[in-house]
Amino acid sequence: MTNIRINASVRYDVSVGPGAPERAAEFIRTELRRVRKVAVVTDSNVDVLHSAGVVSALSSAGPDVVKFTFPAGERSKSLATY
């Protein structure tokens, strides 16, 4: 598993690698028990490859999962697209 530090307005880590969705679900189940809704933000390329497993794993932890899928490519990564 690899953690990538994102230095945005709020710093956070992103875990990448096999088992990441299941680890996130376990974290929600044990550490964030009060979470009621989780958002998955993806692009159309990643969506077809990984979203079903991610949504399934996160849903198993209890919260409702909403998914936002944007067109692939750098031009769609903006607040205007959102």
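Trainee: What percentage of the residues of the protein chain count as buried?

Mentor: This is a predicted model, in which local features need pLDDT of at least 70 and side-chain atom pairs count only at pLDDT 80 or more, while totals for chains, interfaces and linings use all residues. Residues are numbered from 1 along each chain as its sequence is written, and side-chain values use heavy atoms, with hydrogens and water left out. Buried means under 20% relative accessible area, exposed over 50%, and partly exposed in between, with a 1.4 Å probe and protein chains only. By that rule, of the 82 residues in the protein chain, the buried share is 18%.

Trainee: How many salt bridges does the count come to?

Mentor: Side chains of opposite charge can pair when their charged atoms come close. The rule here asks for a side-chain nitrogen of Lys or Arg within 4 Å of a carboxyl oxygen of Asp or Glu. Applied to this model, that rule gives a count of three.

Trainee: Why are arginine 29 and glutamate 26 separated by about one helical turn?

Mentor: Their side chains meet in a salt bridge at 3.2 Å, N to O, with arginine 29 partly exposed at 36% relative accessible area and glutamate 26 partly exposed at 38%. The separation is about one helical turn because the two residues both lie in helix α1 and are three residues apart.

Trainee: How many residues apart in sequence are the parts that aspartate 47 and lysine 67 tie together?

Mentor: The side chains of aspartate 47 and lysine 67 meet in a salt bridge at 2.8 Å, N to O. Aspartate 47 lies in helix α2 and lysine 67 in strand β4, so the parts that this pair ties together are apart in sequence by 20 residues.

Trainee: Which element gives the largest share of the lining of the largest pocket?

Mentor: A pocket is found on a 1 Å grid over the protein atoms alone, as an open set of points where a 1.4 Å probe fits, with protein on both sides within 12 Å along at least five of seven lines, and its lining residues have an atom within 4 Å of a point. The largest pocket has a volume of about 1000 Å³, the volume being the space filled by probe spheres set on points joined across faces, edges and corners. Its lining has 28 residues, with Val14, Ser15, Ala20, Ala24 and Val54 nearest the centre. The largest share, seven residues, comes from α1.

Trainee: Which element gives the largest share of the lining of the second largest pocket?

Mentor: The second largest pocket has a volume of about 370 Å³. Of the 14 residues that line this second pocket, Val41, Thr42, Asp43, Phe70 and Lys77 are the closest to its centre. The elements that give two or more residues to this lining are β3 and β4, and the largest share, three residues, comes from β3.

Trainee: By what distance are the C-alpha atoms of glycine 73 and serine 44 separated?

Mentor: Glycine 73 lies in the segment after β4 (64-70) and is partly exposed, with a relative accessible area of 34%. Glycine 73 and serine 44 are 29 residues apart along the chain, and their C-alpha atoms are separated by 9.0 Å.

Terms used: Helices (H or I, at least four residues) and strands (E, at least two) are DSSP runs, numbered from the N terminus.
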